[in-house]
Amino acid sequence: MIDFTLSKSQGAARDYAHQVAMEEMRPISLECDRTEKIPDSFFWNMQRRFWAGAAGQARMQAQEEEEKQDNVLSILSQEEMAWGDAALSTAIPGPGLAAPPILSQGTPEQQMKFLGPYMDGQLHWGALALTEPGIGSDVAGMSTTAVLEGDEWVLNGHKHYITNGARADLVVTFATIDKNLGREGIRPFVVPQGTPGFVVGRIEEKMGLRASQTAELIFENCRIPKDHLLSGRESSKKAGFKAAMGTLDATRPMVGALAVGIARAAYETTCQWVQQELPKGFPSHKRREIEQELEETRQELEMARLLVWRAAWMADRRIPNSKEASICKAYAGGLVMKVTAAGVRITAPGENSESRQLLQKWFRDAKVFDIFEGTAQIQRLVIARRLFPEVDIP
Amino acid sequence: MLNFAPTEEQEEIRQLAQSVAIEQLRLQGRSAEKRGDISPELMKTLTQTGLTTPFPEEYGGSGALEALTYTLIAEELGFGDGAQAMNIIGSLMGPLTVLLAGDTNQQHHYIAPFCDAQQGHLQRGSLAFAERTGGYSVGEISATIRSQDGDYILNGRKRDVLHGERSSPRVVLVRIEGTSGTEGLCALMVPLDGAGVRINHDEGKLGLIAAPSASFAFENATVSATCVLGKPGNSGVIRSATLYNILRAGVACGMARAALEYAKDYAKGRIAFGRPIVSYQGIAFMIAEMAMKLDAARLLTWSAATSWERGFDNTALVQEAEAAQFQSVKIAKSATIDAVQILGGAGFIQDHPVEMWMRNAAVME
């Protein structure tokens, strides 16, 4: 039955994440953005909070409720975290984006081997390396290669824009085993940090999400054991490409949830500014216009959130959700830019207060949500291709 | 707990509504527009299916209304033909308001005729909501009543009242003089004529021509206290106003979906420069955008419908229902305009229904 109310465990996950966002993220948000650095205390606090206490309880409760809801619980938390600070939420210790391909394409042994170490209570990160200087969404043109030599894969190539790339304990790296196969030649490999031939290049300076680490990774005759190839579950040729795309189906709702979180933060802060900081003598008809605009924003936020929830709910039920994942990401990615830009515009007449600084930071953070995990245009292409499976839309 | 799947029963009812929509409403779109009304035969079929009699069984209906189920029906009807769908929903809101806000006597008197096997399909109800100074928002209702010598004195104007001329019950949403917002709302039934009552048939409409409508003007009209549904200010009035908005949203989603599907089919078949036009991103992206915004509006509408069903906080419900209506009508308008654009010259010609749909959506405001 159609129901938009959250269960106990879903509500608990959201409330807990909101508390963490308020207590751990908002207080250091502007400083981390300015310095592009995150204090170690943040990492340890997050580690402590998420491996103990209420998060654990929420997980227990979720198990009692039986239905699989990893994706829903995750996006509920992501929205709150991004409400706190989206850059900091990308840096929370854990396997991160490395987890989905390992879980979907790894054998049980590989899952145990690669994900087991993340449970030891220490600080660990994971990363996913797909993008290259020459390729973004067009993965078929990938130039990083993997060649089997005896019992080892030898990787050569160059990846960039890799979130947590320099601090990740392992990087799931996509490479082609045969360029002639196009996207069907693409495979995911697990590359541990410290492997000879695996070098971290420069850390990018960015307009937004400045506290998030964006690294360049270079592979020069990087040798990894044969069993670091993740394609244990499916032997078909398409497994590698599917791993890459399947990852996107799971992560696009998360990116959508982050976008909704930032947009909500900007909406709330703009509303507060209008109530508390509107300059004296501000014309009342202009104020009414602003309030009207904010009400429409509230409605759009609600729609974006429901689209994200739907895509995650489908993922939990293992219902194919490529179209819905792209829809929620495209909608939320566009919305967050619109809302943050409105916040900057509406508060322009004000004094230089903290709410204005936050709005300006979120405005800078927002743009990338219409770019990474597939640009707005790529999302529309995915949607159109799903709407017209029988037509070739180049 | 979050769930996006309709129940099996809802799915069955939706499919029934869809088959009527495709086999009847869609095919009769033009003829209904020419006639300026839905055909009596079609209304008879609908009454037989039970789709237009969502009233308690004691009044002869097909069972009490569940908001989400009816929202699904409204979308299907709107998918068939928006104007005939509004014709049906507009009529239904009369007896539904009596059900939600009226007392038992009023319910018996006004609802039972709609369920009559022989004559029920000829009954029409109406609900006057929007005014010259506003839209479908209860906060914008400014028509008032005040009591005087045991009766009520009614003032105000209403526009676009579907079936306003020939309806019974003819329900009007007003507020008790001196109240504002969601407070003091009343529903009362007004006669066709009487001192201070002026009802004019709407002529030369842009769209929704198959849904006849009228404008009301009340100037110190005297209405008997027995014509007020239930107690003045009872919460059933808000339940009715919000339900109207939710169902209007449902129809609007259906209108948008009709435009989307029609444009999709056309864009697949129409070849330009050797390729189907949908293979060009300029067209493909327009269609993707329509699909995306329709999904967004539909979820907002479903969310409002489930809130209506839970029904505890009227203020929040008003906000949700009006948001659903606003956003759904917005996508209905843009999707129908875009559909005409995708059809190009063919869209402008009346061989295709999209120009009619564009006019229909434009007057939902």
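Visitor: How many cavities of 30 Å³ or more does the structure hold?

Guide: Here is the general idea to start with: rolling a probe the size of a water molecule over the atoms shows where empty space is left. In this structure, which is a predicted model, there are 3 cavities of 30 Å³ or more. The largest cavity has about 90 Å³ of space.

Visitor: Which residues are the closest to the centre of the largest cavity?

Guide: They are B:Met43, B:Thr52, B:Ser91, B:Phe114 and B:Gln123, out of 13 residues that line the largest cavity.

Visitor: Which helices of chain B each supply at least two residues of that lining?

Guide: Look for helix H3 (40-49) and helix H5 (82-101) of chain B. H5(B) gives the largest share of the lining, with 3 residues.

Visitor: And how many residues in the lining of the largest cavity are nonpolar, polar or charged?

Guide: You will find 5 nonpolar, 7 polar and 1 charged residues there.

Visitor: Let's go on to the second largest cavity. What space lies in it, and which residues line it?

Guide: The second largest cavity has about 80 Å³ of space. From chain A, its lining takes A:Gln10, A:Glu67, A:Lys68, A:Gln69, A:Val72, A:Trp313, A:Asp316 and A:Arg317, and from chain B it takes B:Met1 and B:Leu2. By class, that lining divides into 4 nonpolar, 2 polar and 4 charged residues.

Visitor: Which domains of chain A does the lining of the second largest cavity draw at least three residues from?

Guide: Those are domain 1 (8-94) and domain 3 (240-387), each giving at least three residues.

Visitor: Now chain A, please. How many helices and strands does it have, and why is it called as compact as a globular protein of its length?

Guide: Chain A has 11 helices and 7 strands. Its radius of gyration is 21 Å, close to the 21 Å that the globule rule gives for 394 residues, so chain A is as compact as a globular protein of that length. Along the principal axes, the C-alpha atoms of chain A fill a box of roughly 75 × 50 × 45 Å.

Visitor: What percentage of the residues in chain A is buried?

Guide: Of the 394 residues in chain A, 56% are buried; the cut-off for buried is under 20% relative accessible area.

Notes:
Residues are numbered from 1 along each chain as its sequence is written. Chains are lettered from A and ligands numbered from 1 in the order in which they are written. This is a predicted model: local features need pLDDT of at least 70, side-chain atom pairs count only at pLDDT 80 or more; totals for chains, interfaces and linings use all residues. Side-chain values use heavy atoms; hydrogens and water are left out. On a 1 Å grid over the protein atoms alone, a cavity is a set of points where a 1.4 Å probe fits but cannot get out, and a pocket is an open set with protein on both sides within 12 Å along at least five of seven lines; lining residues have an atom within 4 Å of a point. Grid points are joined across faces, edges and corners, and a volume is the space filled by probe spheres set on the points. Helices (H or I, at least four residues) and strands (E, at least two) are DSSP runs, numbered from the N terminus. Ala, Val, Leu, Ile, Met, Phe, Trp, Tyr, Cys and Pro count as nonpolar, Asp, Glu, Lys and Arg as charged, and the others, Gly among them, as polar. Domain bounds come from an automatic or database domain assignment. The radius of gyration is taken over C-alpha atoms; the globule rule is 2.2 Å times the number of residues to the power 0.38. Buried means under 20% relative accessible area, exposed over 50%, partly exposed in between (1.4 Å probe, protein chains only).
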